[in-house]
Amino acid sequence: MSRSSRSRSRSPHAEAFSVQVKLLSGQTLTTMQVHAADTVAEIRRRIEEVDSELRGSFPRSALMFGNRELLPSDVSGEVGLHEGALLTLIRLPPQKLCTASEDGTARIFELQTGKTLCVLGGHCGAVISVTFSEDGVRALTMTATRSIALYDTAIGVQLWRLQGPVQDACLAADGRRVLVMDSHSVVGLLDASTGQVMTNLTHHAYYVCTAVFSPGGKALLTASVEGFARLFDVESGRCLITFESKSRSPSGRSRGMTAAAFSPDASKVLVSIFDGSADLYDRSTGERICSCVGHSDVLRCASMSQDGAQILTASKDGTAKLFCAETGTCISTFKGHAKALCAANFSPDLTKVLTASQDYSAKLCLQDFPGHSAPVLGASMSADGRLVLTCSSDLDAKLFDSQTGECLRSFFEEHGYVTSAQWAPGGQQILLAFFSGRVALFDPKQDHFVQDFTGHVDCVHSMKLV
């Protein structure tokens, strides 16, 4: 035995200690010996050997130490595991992927295995979108002919269908109400159980550009070109508060709004205005917190960082801007695109901004990601920030090295037209949908597809994680 090996064997970090693993119910699953240098990935592997059920009905789980979720890369000694430490294993239901297709069906798959769980059929045309209740039990589909239908996903049965045409529709998180907006901007609330109209909201006189439920489904936010956003109580249909644009036209009227959204914690309302500005309001009082100005054209999008500290805007003027959410002060302006922006996103660590443009490129700070032959509709980064995924109206998705801008892969060149691309949960693998009807999961580290979701026989229009 070498001197270094003997030294390691006498090290206190090499001494084993006992930890107990319990289920959320309080049942003891196992007691095991671990070392301070053991990674959580190794501990989880040993837990899974004991708990074979984990890989069956519950392929996902979270391992908790106190209030902290342990990551696979965590090291036992560094996170404070000690003799007698208690770990709690929380079993999580399988994640699901829903796809909407030209073949007239929507399909729900188990993400980990690719198994088809449910087929939502009975449509008279292509399915273009699906929204779900928070528990995933109810699903609302919309077709290309603007009809909608509600399903019980547990048994795959269509509960009712509305021929429309419907301009827009979505299902509340609690699954009790359906929001429907027609071509005349009449916003209605339907009983999700029966499809019957409960109330029509007629407080707006002109075109309604936004109508969305609050995260809990108890309130409804609308915004109109007349220059007002309004918050309604879903149960009564009563207008709770009105947010009025302070930006004025030459005639003195409030400038119209182009979009409205809730902040990540739902305590604020962010609205976009026709003059390229964005206003942030307190949801409970209706008071304006700040106004973000500086763009010379209409906003394509406006969003808040997850911590609520910053506001990011992207405009048709070809720039993106970052604002302080408390004062409205412009922190940074991101230039360099030759045409209007389509989107702007924060990097996972909130330190960078990724833009996508009609000039066929995406940018991360000064790094350019070219190569598309049509507007780039969206760009996003992997969880570790090393890769950039772009999706374009040229029906291609590309994968770039975020540091060098090198295009690592064009999915169209190898697999045909791409209709949708997004990062899978965890931000390390990519979900792709193709014009052919193929849906698959690609792993950049392994450099090949690791899972196929089969069943569609025509173009897949959209994907949604449930």
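I take buried to mean under 20% relative accessible area. With that rule I looked up Phe 243 and Tyr 281, and both are buried. The model I am reading is predicted.

**Entry 1: the whole chain**

I began with the overall count. The protein chain has 3 helices and 41 strands. I then checked its dimensions. The C-alpha atoms fill a box of roughly 90 × 50 × 50 Å along the principal axes. The radius of gyration is 25 Å; a compact globule of 466 residues would have one near 23 Å, so the two agree. Buried residues make up 47% of the 466. I noted the surface next. The chain exposes about 21400 Å², and carbon and sulfur atoms supply 49% of that area. For contacts, I looked at residues at least 6 apart in sequence. Of these contacts, 39% join residues at least 24 apart.

I picked strand S14, residues 177–181. How many of its residues are buried? I found 5 of 5, so I wrote the strand down as mostly covered. I then sorted the side chains by direction. Arg 177, Leu 179 and Met 181 point one way from S14, while Val 178 and Val 180 point the other way. Side chains alternate between the two faces of the sheet in a regular strand.

I went on to the neighbours. Strand S13 (residues 168–171) pairs with S14 in the antiparallel sense over 4 bridges. Ala 169 stands opposite Val 180 in S14. The two strands form a hairpin with 5 residues between them. In that turn, Gly 175 has a positive phi of about 75°.

Strand S15 (residues 187–191) is also paired with S14, antiparallel, over 5 bridges. Here the bridge partner of Leu 179 is Leu 189 in S15. S14 and S15 form a hairpin too, with 5 residues between them. Ser 185 in this turn has a positive phi of about 65°.

**Entry 2: an open sheet of 4 strands**

I traced a sheet next. Its 4 strands come in the order S17-S18-S19-S20, the sheet is open, and the pairing is antiparallel.

Strand S18 covers residues 219–224 and strand S19 residues 228–233; 5 bridges join them. Leu 221 stands opposite Leu 231 in S19.

**Entry 3: aromatic rings**

Phe 243 sits in strand S20 and Tyr 281 in strand S23 (residues 278–282), 38 residues apart, so I noted a link between distant parts of the chain.

I then turned to Phe 434 and Phe 449. Their ring centres are 6.5 Å apart and their planes stand at 70°, so the pair is edge-to-face. Phe 434 belongs to strand S38 (residues 430–434) and Phe 449 to strand S40 (residues 448–453). They are 15 residues apart. Both are buried. Which residues make up their cluster? I found one aromatic cluster formed by Phe 411, Phe 434, Phe 442 and Phe 449.

Terms used
Residues are numbered from 1 along each chain as its sequence is written. This is a predicted model: local features need pLDDT of at least 70, side-chain atom pairs count only at pLDDT 80 or more; totals for chains, interfaces and linings use all residues. Side-chain values use heavy atoms; hydrogens and water are left out. Two strands pair if DSSP finds at least two bridges between them. Buried means under 20% relative accessible area, exposed over 50%, partly exposed in between (1.4 Å probe, protein chains only). The radius of gyration is taken over C-alpha atoms; the globule rule is 2.2 Å times the number of residues to the power 0.38. Contact means heavy atoms within 4.5 Å. Accessible areas come from the Shrake-Rupley method with a 1.4 Å probe; for residues, only the protein chains shown count as cover. Rings of Phe, Tyr and Trp (its six-membered ring) pair if their centres lie within 6.5 Å; planes under 30 degrees apart count as stacked, over 60 as edge-to-face and the rest as tilted.
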